[in-house]
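Welcome! Here is a short tour for anyone meeting this structure for the first time.

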Amino acid sequence: MNKIVSRFAPSPTGYLHIGGARTALFSWLLARASGGEFRLRIEDTDRARSSQEATNAIIDSMKWLGLEHDGEIVFQSDNADRHNAVIDQLIETGHAYYCECSKEAVDAMREKAMKERRKPKYDGSCRESGLKSGVVRFKTPLEGTTAFKDMVKGPIAVENTELDDMILRRADGSPTYNLAVVVDDHDMGVNNVMRGDDHVNNTPRQILIYRAMGWDVPEFGHVPMILGPDKKKLSKRHGALSVMEYEKMGYLPEAVTNYLARLGWSHGDQELFTMDEMVELFSTDNLGNSPSVFDLTKFEWVNGQYMQRADPERLAGMLCDFLTREVGEEEAKSVSKSDFAKIAPLLQPRAKSIVDMLEQSRPFIVDAGFLPYDEAAVKKFLTDETKPLLEDIASRIEALDEYSEQTLEDLHRQFLEDKDIKFKVIAQPIRVAIVGATKSPGLFETMMVLGKTQTLARLKRAIEL
RNA sequence: GUCCCCAUCGUCUAGUCUGGUCCAGGACGGCGGCCUUUCACGCCGUUAACAGGGGUUCAAAUCCCCUUGGGGACGCCA
């Protein structure tokens with residue numbers, strides 16, 4: 001088989017949302033898995049609805065997800081002349097014809113057909129009229145069936161009588177989608193087309209154009225759509241967010257691609273895949289053919305898995321960026337990346353996202369004087385009984401020559417022995433004293449990250465509360 | 001209305017092509033427990049599904065038909 005050339009061809013009418021991202025991912029995987037090429041084409045022929053902003057957003061999203069494309073980005077609108085040349089050729093070869101029926105007349109035909117329980121379509125009245133102007137329509141064969149083997153759905157066949165004589169060139173001279181995709185895909189050498197489910201119906205029409213032009217018909221694969229929790233088509237309402245929204249919420253790109261891949265694709269019982277693994281294991285044979293629900297809970301689990309495995313340095317960098325975004329450059333300066341690099345490992349098993357991690361790192365990055373305390377926790381643990389104990393511990397820490405996790409542990413063990421009490425008695429009071437809350441990473445590792453000065457300052461402040 | 005597609009635990013799915021090893025496996029979630037200095041993580045256990053009905057067959061989640069339910073398309077949008 002020749003080298004696979006696949007593509008992703010979004011229309012820049014909005015942001016790239018997760019459904020589109022998954023299609024792009026599968027298409028990318030298809031190419032990469034076989035050492036083929038993955039092209040990107042922007043279908044911007046609907047000039048009224050297309051925008052540069054959306055184009056940029058799509059490109060940024062692809063980049064963030066790591067779906068690098070090969071070659072130059074093709075803008076469909078640049079190819080109008082070529083599209084028209086093909087249309088002219090189709091007319092010359094008798095595969096297309098001019099039609100002057102008004103929009104209203106065609107609407108009436110459709111309505112009539114619908115009433116007669118037939119499929120609504122143009123009736124072909126201008127087919128043999130030999131007109132020389134008007135829109136150009138494709139002369140769909142009157143009989144036979146058009147069939148293809150879908151890479152994900154299997155064999156699909158449609159009676160040609162079901163298809164109507166689609167318009168190839170509009171009254172204003174511009175080519176339509178069905179014509180443009182075929183020409184562009186052919187010109188770009190695309191031989192594997194992965195796209196959304198909603199295009200299955202277009203496929204037979206497009207195949208007919210390929211045949212009329214005598215071109216090789218590519219392989220098609222239609223991936224089912226992604227549903228919201230209510231099993232309805234994903235929409236803004238239930239968080240059909242754009243890919244970049246996920247970035248803003250602090251999710252990792254590899255978690256997004258992993259989760260998206262598992263939505264509709266599988267490799268036995270495996271849940272976690274690096275991009276490299278996916279490239280290695282991907283096959284359209286394992287693509288599912290039924291729609292799936294986007295489950296945020298499971299996605300968060302996947303993200304959590306990647307948070308745990310991530311390099312603390314990278315996390316630290318992200319934490320800095322997020323902090324800057326939140327409080328501005330000036331404020332964010334007070335915390336360095338190396339501070340975050342020390343904090344991150346403690347929070348990695350506990351944070352579901354970068355935003356979550358930043359939130360949890362709050363007690364670590366504020367000065368003792370500004371540490372917020374959970375009132376209920378203070379009331380419960382910083383009592384007249386525990387405060388003297390904390391005071392004792394504070395003075396012992398102060399006297400420490402070498403401040404390390406080991407010496408801290410030894411110090412506490414000795415303290416417990418001296419007082420003849422269990423660690424449980426002082427654990428929560430210490431915790432509340434140094435982080436202001438009842439939850440935190442391990443006490444000694446927390447003290448280490450905090451440093452001797454901050455630890456003591458917090459202990460002292462807690463005693464005063 | 002017409003055509004096309006889809007249908008396994010609440011969710012994502014394995015198994016379906018090449019019927020038997022599936023009284024259906026894994027994961028998320030839920031529940032219970034262990035670990036433990038809290039919270040997580042981790043570990044162990046548990047919960048829960050072949051949409052319904054007909055066939056074919058010694059044998060069907062797997063093959064065929066029908067029904068039901070869901071989705072998509074039917075544009076001088078892409």
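The report below goes from the domains to the pocket, then to the RNA, and ends with a pair of rings.

**Domains**

Please keep in mind that this is a predicted model. Chain A falls into domain 1 (5-72 + 226-304), domain 2 (76-223), domain 3 (310-365) and domain 4 (370-464). Between the C-alpha centres of domain 2 and domain 4 there is a distance of 75 Å.

**The largest pocket**

Let us look next at the open space in the protein. The largest pocket holds about 1200 Å³ of space. It is lined by 39 residues, and Ser11, His17, Gly20, Asp198 and His199 are the closest to its centre.

Strand E1 (5-8), helix H1 (18-33) and strand E9 (192-196) each provide at least two lining residues. H1 gives the largest share, with four residues. Sorted by class, the lining has 15 nonpolar, 13 polar and 11 charged residues.

**Around the RNA**

Now for the partner molecule. RNA strand B has 60 residues around it, and those that come nearest are Arg110, Arg170, Arg350, Arg431 and Ser440. Of the RNA atoms that come within 4 Å of the protein, 68% belong to sugar and phosphate.

| Residue | Protein atom | Distance to a base oxygen of RNA strand B |
|---|---|---|
| Arginine 49 | polar side-chain atom | 3.1 Å |
| Alanine 171 | polar backbone atom | 3.0 Å |
| Arginine 431 | N or O atom in the side chain | 2.3 Å |

**A pair of rings**

The whole structure contains 12 aromatic pairs. In one of them, the ring centres of tyrosine 259 and phenylalanine 294 are 5.0 Å apart and the planes stand at 80 degrees, so the pair is edge-to-face. Tyrosine 259 sits in helix H8 (residues 253-262) and phenylalanine 294 in the loop between E12 and H10, so the pair ties together parts that are 35 residues apart in sequence.

Key:
Residues are numbered from 1 along each chain as its sequence is written. Chains are lettered from A and ligands numbered from 1 in the order in which they are written. This is a predicted model: local features need pLDDT of at least 70, side-chain atom pairs count only at pLDDT 80 or more; totals for chains, interfaces and linings use all residues. Side-chain values use heavy atoms; hydrogens and water are left out. A residue is near a molecule or strand if one of its heavy atoms lies within 4 Å of it. A polar contact is a pair of N or O atoms within 3.5 Å; within protein, one must be able to donate a hydrogen and the other to accept it, and residues adjacent in sequence count only if both atoms are side-chain atoms. Domain bounds come from an automatic or database domain assignment. On a 1 Å grid over the protein atoms alone, a cavity is a set of points where a 1.4 Å probe fits but cannot get out, and a pocket is an open set with protein on both sides within 12 Å along at least five of seven lines; lining residues have an atom within 4 Å of a point. Grid points are joined across faces, edges and corners, and a volume is the space filled by probe spheres set on the points. Ala, Val, Leu, Ile, Met, Phe, Trp, Tyr, Cys and Pro count as nonpolar, Asp, Glu, Lys and Arg as charged, and the others, Gly among them, as polar. Rings of Phe, Tyr and Trp (its six-membered ring) pair if their centres lie within 6.5 Å; planes under 30 degrees apart count as stacked, over 60 as edge-to-face and the rest as tilted.
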